[in-house]
Amino acid sequence: MDAELVNRSKSIQARLKQLQDSLDHAGKLTEIESIENRMSAPDFWDHSDAAQKVIMELKSLKAVVGPMDDLVQSVEDLEALFEMAEEDESIVGEVRSEIDRLEKVLEDLELKALLSGPNDGAGAILSIYARDGGTDANDWAEMLLRMYSAWAVAHEYKIELLDRQENEEAGINRASIAIRGPMAYGYLKGEEGDHRLVRISPFNSEGKRQTSFAAVSVAPEIDDSFEVDVQKKDVREDTFRASGAGGQHVNKTDSAIRLTHIPTNTVVQCQNQRSQHQNRDTAWKMLRAKLARLEEERREAEDAKKYETQARTGFGSQIRNYFLHPDQRVKDSRTGHYVGNFESVLDGSELQGFFEAFLRLKAGKTQAVADDDD
């Protein structure tokens, strides 16, 4: 048998054993069994919200355990393939193809192992704000909203609109959505920061090149069991009339809610529901998520002091450049990850590569790459 294939097979087995330990494979199997026992209880669906959270937890666990179990079985089957290849050289090509496949599956699982933060398995609350660039920035903010929504749909995540304020001319001033699915926050948290678009402006009659910015903020969607130190006396609540398209459906009561956490000057607002009570509940959820993110950033900043190459990920940092002129390209300022097709990123199909590159950067597997684009 080819020595190269033998060595690659041994490497797969060693990496698999290490991965099982780092992901606590045995512990996750126990957790799955415990959750499935709870779900079989007659009163499980009596509290729908709590039941949905349990199901989400189960999906997150199975998203790791299922592929891991398949990989373990495939590695065992690989040994049988080796034995067959010793007797029949025509099978060597099949062995090589299977090793190629297993290495790819293993790499994907090793990436999931990087999603080990305290809230990485949670859903994400993603907010987008138009920044510098006038109407182009409002249009750009809406383009980003569609981009993240397309990615979420492609990965079978659920999306809920929490807040949206239209711009009078085009696009949006801001919007917030909840994206719910396995590891949604773990993947999306690296998107926080400023996103820069360079293009020929469709809103400029002279056809000039325009640079516009939109800011993205990402927070984990945490449940009530997660402790966040927030006192009601530290929060100012303002009510206002929800904006809308006008006509008979315009909201004539002050149902929209804005919450301001005074110690940190953290502001959230929700106007998507007609009920002030529902908007208040959602706003408090968004506030707790934002404060949990601030605490996570504080811990990350402390860790970052240990590493000179740590990428800056605070809100307001320019993290990625999107070009439609003079040529199409999208390049991440932190990782150097590059895609030469603008539309394939904006339709969500090649967005995942940026997430994965950032995760590897955070794990120290790549070095930060300075972006020198104009």
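Analyst: Buried means under 20% relative accessible area, exposed over 50%, partly exposed in between (1.4 Å probe, protein chains only). This is a predicted model: local features need pLDDT of at least 70, side-chain atom pairs count only at pLDDT 80 or more, and totals for chains, interfaces and linings use all residues. Residues are numbered from 1 along each chain as its sequence is written, and side-chain values use heavy atoms, without hydrogens and water.

User: How many aromatic pairs does a search of the whole structure find?

Analyst: Rings of Phe, Tyr and Trp (its six-membered ring) pair with centres within 6.5 Å; planes under 30 degrees apart are stacked, over 60 edge-to-face, the rest tilted. The search finds 5 pairs. Tryptophan 140 and tyrosine 322 are edge-to-face, because their planes lie at 70°, with centres 4.8 Å apart. Tryptophan 140 is in helix H5 (residues 135-154) and tyrosine 322 in strand E9 (residues 318-323), 182 residues apart. Helices (H or I, at least four residues) and strands (E, at least two) are DSSP runs, numbered from the N terminus.

User: Are tryptophan 140 and tyrosine 322 buried or exposed?

Analyst: Both are buried. Tryptophan 151 and tyrosine 187 also pair edge-to-face, at 6.5 Å and 75°. Tryptophan 151 sits in H5, tyrosine 187 in helix H6 (residues 184-188). Tryptophan 151 has 0% relative accessibility, so it is buried. Tyrosine 187 is buried too, at 10%. Trp151 and Tyr187 form one aromatic cluster with Tyr157 and Phe355.

User: Which ring does the charged end of arginine 329 sit over?

Analyst: The test puts NZ of Lys or CZ of Arg within 6 Å of the ring centre and within 35 degrees of the ring normal. Arginine 329 sits over phenylalanine 323, 3.9 Å from the ring centre. Arginine 258 sits over phenylalanine 240, at 4.5 Å.
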